[in-house]
Amino acid sequence: MSSTRSVPPSPTGTGKSLVATGAAAFALADYPLSAEAFGAATQRDPRWVEAWSNLAAALARMGRIDDALELRDDNLLKNLDERDVRSLGGSRVTDEILRLV
C-alpha cells in the first residue's frame, strides 16, 4: 500500500512555510523531515523559539535525546527576551524526552 505525502520532500521557503512543513511532517510521524524543516527555520531566524522547541521534539521522537538536550545550551539563548527563553522549557519537549527515556 503506498502512502501519499502532504508535505514537500525537501523543506525550502520562508520561515513560516518551513515551520508549517515541519508541523505537517511531525503530524505524519516523518520526524527526519520535521527536524530538517525546523532546523532550516532556525537557520533563517535563530530567535524563533517555536522552531527550536519543535526541532527538539522531533529529535527526541527520532531517539536523538542527546541532540534534543543540546538545544538547551545557553549559547542558543543569546538575544532572546525573557518570555522567549521561558517558552523554550515548554512541556512539549519535556514530554517527548520523558516518553522516550
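Is Arg64 buried, exposed or partly exposed? In this predicted model, Arg64 has a relative accessible area of 37%. The partner of Arg64 in a salt bridge is Asp67. The closest N and O atoms of the pair are 2.7 Å apart. Asp67 is likewise partly exposed, at a relative accessible area of 29%. Side chains of opposite charge can pair when their charged atoms come close. The structure holds one salt bridge.

The overall architecture is helical. The protein contains six helices and zero strands. Along the sequence the pattern reads α-α-α-α-α-α. Of its 101 residues, 37% count as buried. The accessible surface comes to about 6,300 Å². Carbon and sulfur atoms account for 52% of that surface. Contacts between residues at least 6 apart in sequence were also examined. Of these, 56% join residues at least 24 apart.

The largest nonpolar core has 18 residues. Leu55, Leu59 and Leu71 have the most contacts inside this core. Helices α1, α2, α3 and α4 (65-70) each supply at least two of the core residues. The greatest contribution comes from α3, which gives eight residues. Leu59 also has contacts beyond its neighbours within four places in sequence. These partners are Ala35, Arg64, Asp67, Ala68 and Leu71.

Helix α3 has 13 residues. From first C-alpha to last, α3 reaches 19 Å, close to the 18 Å expected at 1.5 Å a residue. The helix is mostly covered, with 11 of its 13 residues buried. The buried set comprises Val49, Ala51, Trp52, Ser53, Asn54, Leu55, Ala56, Ala57, Ala58, Leu59 and Ala60. Leu55 and Leu59, both buried in α3, are among the residues with the most contacts inside the core. Arg61 is also found in α3. Its relative accessible area is 28%, so Arg61 is partly exposed. Following α3 comes Gly63, which has a positive phi near 85°.

Helix α2 spans residues 31-44 and has 14 residues. Its reach from first C-alpha to last is 20 Å, close to the expected 20 Å. The buried residues of α2 are Tyr31, Leu33, Ser34, Ala35, Ala37, Phe38, Gly39, Ala41 and Thr42. An α-helix has 3.6 residues a turn, so residues three or four places apart point the same way. Cover for the buried residues of α2 includes α1 (15-27) and α3 (49-61).

A side-chain oxygen of Asp30 reaches to within 3.3 Å of the backbone nitrogen of Leu33. The side chains of Tyr31 and Arg61 are joined by a polar contact of 2.6 Å. Asp30 and Arg61 are 31 residues apart in sequence. In space they are 9.7 Å apart, C-alpha to C-alpha.

Ala29 lies in the loop between α1 and α2. Its phi is positive, at about 65°, although Ala29 is not a glycine. Most residues other than glycine have a negative phi, and most peptide bonds are trans. At 45% relative accessibility, Ala29 counts as partly exposed.

Ser17 is found in α1. With 28% relative accessibility, Ser17 counts as partly exposed. Ser17 and Ala37 are 20 residues apart in sequence. Their C-alpha atoms are 8.9 Å apart in space.

Technical notes: Residues are numbered from 1 along each chain as its sequence is written. This is a predicted model: local features need pLDDT of at least 70, side-chain atom pairs count only at pLDDT 80 or more; totals for chains, interfaces and linings use all residues. Side-chain values use heavy atoms; hydrogens and water are left out. Helices (H or I, at least four residues) and strands (E, at least two) are DSSP runs, numbered from the N terminus. The expected span of a helix is 1.5 Å times one less than its number of residues. Buried means under 20% relative accessible area, exposed over 50%, partly exposed in between (1.4 Å probe, protein chains only). Contact means heavy atoms within 4.5 Å. A polar contact is a pair of N or O atoms within 3.5 Å; within protein, one must be able to donate a hydrogen and the other to accept it, and residues adjacent in sequence count only if both atoms are side-chain atoms. Accessible areas come from the Shrake-Rupley method with a 1.4 Å probe; for residues, only the protein chains shown count as cover. A nonpolar core is a set of buried Ala, Val, Leu, Ile, Met, Phe, Trp, Tyr and Cys residues joined through side-chain atoms within 4.5 Å. A salt bridge is a side-chain nitrogen of Lys or Arg within 4 Å of a carboxyl oxygen of Asp or Glu.
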